Amino acid sequence: MSDLEILTVKDAQQLRVLRSRSRKVQGVTPKHAAFAQRMLETMRDAVGVGLAAPQVGVLQRFFVAEIPADEEDDQPAQTFILFNPEIVKAQGEQIGYEGCLSIPGYIGEVARRERITVKGLNEKGKPVRFKVEGYVARVLQHEIDHLDGILFTDKLTDPDTFQPVAVGQEEAAELEAAMAEDR
Ligand code: NI
């Protein structure tokens, strides 16, 4: 059961929270891990691929993300729970469409780094460091931006790319665009 409210830019007070800089997590506790699980459930229910703590009103540096399984390529779902994430290396550039659960009903085109090396702490508080690229790298950059109060609309390649989509279809449209690029 998911019971977390996802803040949106439509509400002035919620927007202020979304625009705030989050604080570092001082020690990952089982409480943090349990809360991250609730965020994952909330995100899945909303059919999103990522959710950062400030999006549910918690101004602490962590996020969850889940790239759905790709049955055609026999790829299992990839789940991320990361505290105090930092991009330590970035290469290349990619351009693609993004949506955000806090900006319901819209997508827009954003330039991101193609490959990134990320470090942080996992849900047990253990240091982790890994490389991701393409769509996964895009999702993680978007989530890490949330921790600094940055929204994808700040980074549009062109304001004209910002366009309405059916509510609840943002992530599907984004994923479809990403998959079309891969082909
Ligand atoms: Ni977002």
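This is a predicted model: local features need pLDDT of at least 70, side-chain atom pairs count only at pLDDT 80 or more; totals for chains, interfaces and linings use all residues.

**Stop 1**

Residues are numbered from 1 along each chain as its sequence is written, and side-chain values use heavy atoms, with hydrogens and water left out.

The strands here are DSSP runs (E, at least two residues), as are the helices (H or I, at least four), numbered from the N terminus. Two strands pair if DSSP finds at least two bridges between them.

Now colour strand S8, residues 163–164; 2 bridges join S8 to S5, and the two run antiparallel. Click Gly 99 and you'll find its bridge partner, Ile 107, in S5. Together you have an open sheet of 3 strands in the order S4-S5-S8. S4 and S8 are its edge strands, each pairing on one side only.

Next, show helix H3: H3 packs on this sheet and touches S4 and S5, its direction making about 60° with that of S4. Contact means heavy atoms within 4.5 Å. Axes are lines fitted to C-alpha atoms (for helices, over the stretch in contact), and angles run from 0 to 180 degrees between N-to-C directions.

**Stop 2: the hairpin turn and the metal**

Follow the hairpin of S4 and S5, which has 6 residues between the strands. In the turn, Gly 105 has a positive phi of about 95°.

Which residues coordinate the nickel ion? Select Cys 100 (SG), His 142 (NE2) and His 146 (NE2), which sit at 2.1 to 2.3 Å. Donors are N, O and S atoms within 2.8 Å of the metal (3.2 Å for Na, K and Ca); water is not among the atoms, so sites may look incomplete. Along the chain, the donors follow the spacing C-x41-H-x3-H. Distant parts of the chain are linked here: Cys 100 is in the loop between S4 and S5, and His 142 is in helix H3, 42 residues apart.

Are Cys 100 and His 142 buried or exposed? Cys 100 counts as buried because its relative accessibility is 2%, and His 142 counts as buried at 7%. Buried means under 20% relative accessible area, exposed over 50%, and partly exposed in between (1.4 Å probe, protein chains only).

**Stop 3: the five-strand sheet**

Colour S1, S2, S3, S6 and S7: these 5 strands form an open antiparallel sheet in the order S1-S2-S3-S6-S7. The edge strands are S1 (50–52) and S7 (127–133). Zoom in on S3 (residues 78–91) and S6 (residues 115–121), joined by 6 bridges. There, Phe 83 stands opposite Leu 121 in S6.

Helix H2 (residues 30–45) packs on this sheet, touching S1, S2 (62–67) and S3, with its direction at about 45° to that of S2. Show the side chains of its buried residues, among them Phe 35, Met 39 and Met 43. Their cover includes S1, S2 and S3. Just after H2, click Val 47, with a positive phi of about 55°.

Finally, bring back H3 (residues 134–146): H3 lies across S1, S2, S3, S6 and S7, at about 155° to S2.
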